[in-house]
Amino acid sequence: MDHVEVVSEETLYSHASGRARVDLVMYSDGTIEYGAWVQTGAHTVETSAALMWVPHYVNGAPLTLVELIHDDGLVGMIYRRAA
């Protein structure tokens, strides 16, 4: 099995309140992950705005919700398109 490394990470969207953001992570094997992170107690508008930044498809391939994280006051939804 090949070693997979993070090639790039960037924040695509950050709500003005600071309570919601979307990160994009690209891996050396071509896998792409979008992480929508929302603080517990964030308003519906903040949550909806963050989720609108996560595309349904990347280069014609659907993204799949692969992990739901609830940790330390954050809810994270990790979407992935495998290489």
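**Rings, sheet, helix and core**

Modeller: To begin with the aromatic rings, the count comes to one aromatic pair. Keep in mind that this is a predicted model.

Colleague: Which rings are they, and is the pair stacked or edge-to-face?
Modeller: They are the rings of Y13 and W53, with centres 5.4 Å apart and planes at 20°. Planes under 30 degrees apart count as stacked, so this pair is stacked.

Colleague: Where do Y13 and W53 sit in the chain?
Modeller: Y13 is in strand β1, while W53 is in the loop between α1 and β4. They are 40 residues apart, and the pair links distant parts of the chain.

Colleague: Is Y13 buried or exposed?
Modeller: Y13 is buried, because its relative accessibility is 13% and the cut-off for buried is under 20%. W53 has a relative accessible area of 42%, so W53 is partly exposed.

Colleague: Change of topic. What is the strand order in the sheet?
Modeller: The open sheet has five strands in the order β1-β2-β3-β7-β6, and the pairing is antiparallel. β1 and β6 are the edge strands, each pairing on one side only. From one strand to the next, the twist averages 20°.

Colleague: How many bridges are there between β1 and β2?
Modeller: Seven bridges, in the antiparallel sense. As a place to look, V6 stands opposite Y27 in β2.

Colleague: What about V7, is it buried or exposed?
Modeller: V7 is in strand β1, and it counts as exposed because its relative accessibility is 57%. Leaving out residues up to four places away in sequence, V7 touches M26, Y27 and S28. V58 is 51 residues from V7 in sequence and 17 Å from it in space, C-alpha to C-alpha.

Colleague: Now the helix. Which strands does α1 lie across?
Modeller: α1 lies across β1, β2, β3 and β7, and it runs at about 25° to β2.

Colleague: Which residues of α1 are buried?
Modeller: E46, A49 and A50. They are on the same side of α1, because they cover an arc of only 100° around the axis. The buried residues of α1 pack against β1, β2 and β3.

Colleague: And what is on the face turned away from the buried side?
Modeller: That face of α1 carries the exposed residues T44 and M52.

Colleague: What does A50 touch?
Modeller: Apart from neighbours within four places in sequence, A50 is in contact with Y13, A20, R21, V22 and V38.

Colleague: How many residues are in the largest nonpolar core?
Modeller: There are 16, and V22, Y34, V38, A50, V54, L63 and Y79 touch the most other members. β2, β3, α1 and β7 each supply at least two residues of this core. The largest share, four residues, comes from β3.

Colleague: Last one. Where is H15?
Modeller: H15 is in the loop between β1 and β2. H15 counts as buried, because its relative accessibility is 19% and the limit is under 20%.

Colleague: What is H15 in contact with?
Modeller: With neighbours within four places in sequence left aside, H15 is in contact with A20, E46 and A49.

How values were computed. Residues are numbered from 1 along each chain as its sequence is written. This is a predicted model: local features need pLDDT of at least 70, side-chain atom pairs count only at pLDDT 80 or more; totals for chains, interfaces and linings use all residues. Side-chain values use heavy atoms; hydrogens and water are left out. Buried means under 20% relative accessible area, exposed over 50%, partly exposed in between (1.4 Å probe, protein chains only). Contact means heavy atoms within 4.5 Å. Rings of Phe, Tyr and Trp (its six-membered ring) pair if their centres lie within 6.5 Å; planes under 30 degrees apart count as stacked, over 60 as edge-to-face and the rest as tilted. A nonpolar core is a set of buried Ala, Val, Leu, Ile, Met, Phe, Trp, Tyr and Cys residues joined through side-chain atoms within 4.5 Å. The arc is that of the directions from the helix axis to the C-beta atoms. Two strands pair if DSSP finds at least two bridges between them. Axes are lines fitted to C-alpha atoms, for helices over the stretch in contact, and angles run from 0 to 180 degrees between N-to-C directions.
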